[in-house]
Amino acid sequence: MIAAPGPIHPWPIGPGPRYQPIAANAAVRDGRPVGELHCAGGRRFAVHLELFADRRVVVVPRGIGVAAKGCRYPVSTDAPTGVVEVLGGRAYTLGDLFRVWGRRLSATRLLSFRGRVSVFVNGRRARGRPDAVRLAKHDEIVVEVGAHVAPHVDYLFPKGVG
């Protein structure tokens, strides 16, 4: 996919740990189930996720859904790029990713930030609960709280990425 033309804004990463959370979920670290989610192998596809709080980038860290023993949950990250690997064969949601991450996502909460949460998928506002947004192959998902950031409509995935 090729990015739509238009101005590119260099949104800064926010200051401090609130904007740079870690992938620390004790259940995942130990390979225990998180609700109905557990370590699983199989074919995966990629989704790109961007998080913003008050017009500042919130980093999606590497290691979400990756257990110490090397197994992977159905939603996981390898690098702090926002690329999320999703296990095929079943529908997974943003809520599943945040559960595995051990972080909050609701209509009024994004991580430790409070306010109205908006989700955009491929540049279009998603209706309904943020945690119910489905993860589909090569979607560009933008989640924001606070001031509005014009969402990207797509993401150029590197060759060979799901």
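User: How many positive and negative side chains does the protein have, and how far apart do the centres of the two sets lie?

Analyst: Please keep in mind that this is a predicted model, and that the values below are computed from it. The count gives 24 positive side chains and 12 negative ones.

User: Which pattern do the helices and strands follow along the sequence?

Analyst: The protein contains 2 helices and 10 strands. Reading them in order along the sequence, one finds the pattern α-β-β-β-β-α-β-β-β-β-β-β.

User: What radius of gyration does the protein have, and what would a compact globule with 162 residues have?

Analyst: Along its principal axes, the C-alpha trace spans about 40 × 35 × 30 Å. A compact globule with 162 residues would have a radius of gyration near 15 Å, and the value for the protein agrees with this, being 15 Å.

User: Is helix α2 largely enclosed or largely open, and how many of its residues are buried?

Analyst: A residue counts as buried when its relative accessible area is under 20%. In α2, which covers residues 94-101, the buried residues include Leu94, Phe98 and Trp101. The helix is largely enclosed by the rest of the structure, because the number of its 8 residues that are buried is 7.

User: Which residue follows α2, and what is its phi?

Analyst: Directly after the helix comes Gly102, and its phi is positive, near 80°.

User: Where is Leu111, and what is its phi?

Analyst: Most residues other than glycine have a negative phi. Leu111 lies in the loop between β6 (109-110) and β7 (113-114), and with a relative accessibility of 8% it counts as buried. Although it is not a glycine, Leu111 has a positive phi, near 55°.

User: Is Asn122 buried or partly exposed, and with which residue does its side chain make a polar contact?

Analyst: Asn122 sits in the loop between β8 (117-121) and β9 (124-125), and its phi is positive too, at about 55°. Its relative accessible area of 31% makes it partly exposed. Leaving aside neighbours within four places in sequence, Asn122 is in contact with His138, Asp139, Glu140, His152 and Val153. The side chain that joins that of Asn122 in a polar contact of 2.9 Å belongs to Asp139.

User: Which residue's side chain makes a polar contact with the side chain of Ser118, and at what distance?

Analyst: Ser118 belongs to strand β8 and is buried, having a relative accessible area of 6%. Once neighbours within four places in sequence are left aside, Ser118 is in contact with Arg125, Val142, Val143 and Glu144. The polar contact between side chains joins Ser118 to Arg125, at 3.0 Å.

User: What share of the accessible surface belongs to carbon and sulfur atoms?

Analyst: Of the 162 residues in the protein, 44% are buried. The accessible surface comes to about 8,700 Å², and the share of it that belongs to carbon and sulfur atoms is 55%.

Terms used:
Residues are numbered from 1 along each chain as its sequence is written. This is a predicted model: local features need pLDDT of at least 70, side-chain atom pairs count only at pLDDT 80 or more; totals for chains, interfaces and linings use all residues. Side-chain values use heavy atoms; hydrogens and water are left out. Buried means under 20% relative accessible area, exposed over 50%, partly exposed in between (1.4 Å probe, protein chains only). Helices (H or I, at least four residues) and strands (E, at least two) are DSSP runs, numbered from the N terminus. A polar contact is a pair of N or O atoms within 3.5 Å; within protein, one must be able to donate a hydrogen and the other to accept it, and residues adjacent in sequence count only if both atoms are side-chain atoms. Contact means heavy atoms within 4.5 Å. The radius of gyration is taken over C-alpha atoms; the globule rule is 2.2 Å times the number of residues to the power 0.38. Accessible areas come from the Shrake-Rupley method with a 1.4 Å probe; for residues, only the protein chains shown count as cover. Lys and Arg count as positive and Asp and Glu as negative; His and the chain ends are not counted. The place of a charge is taken as NZ of Lys, CZ of Arg, CG of Asp or CD of Glu.
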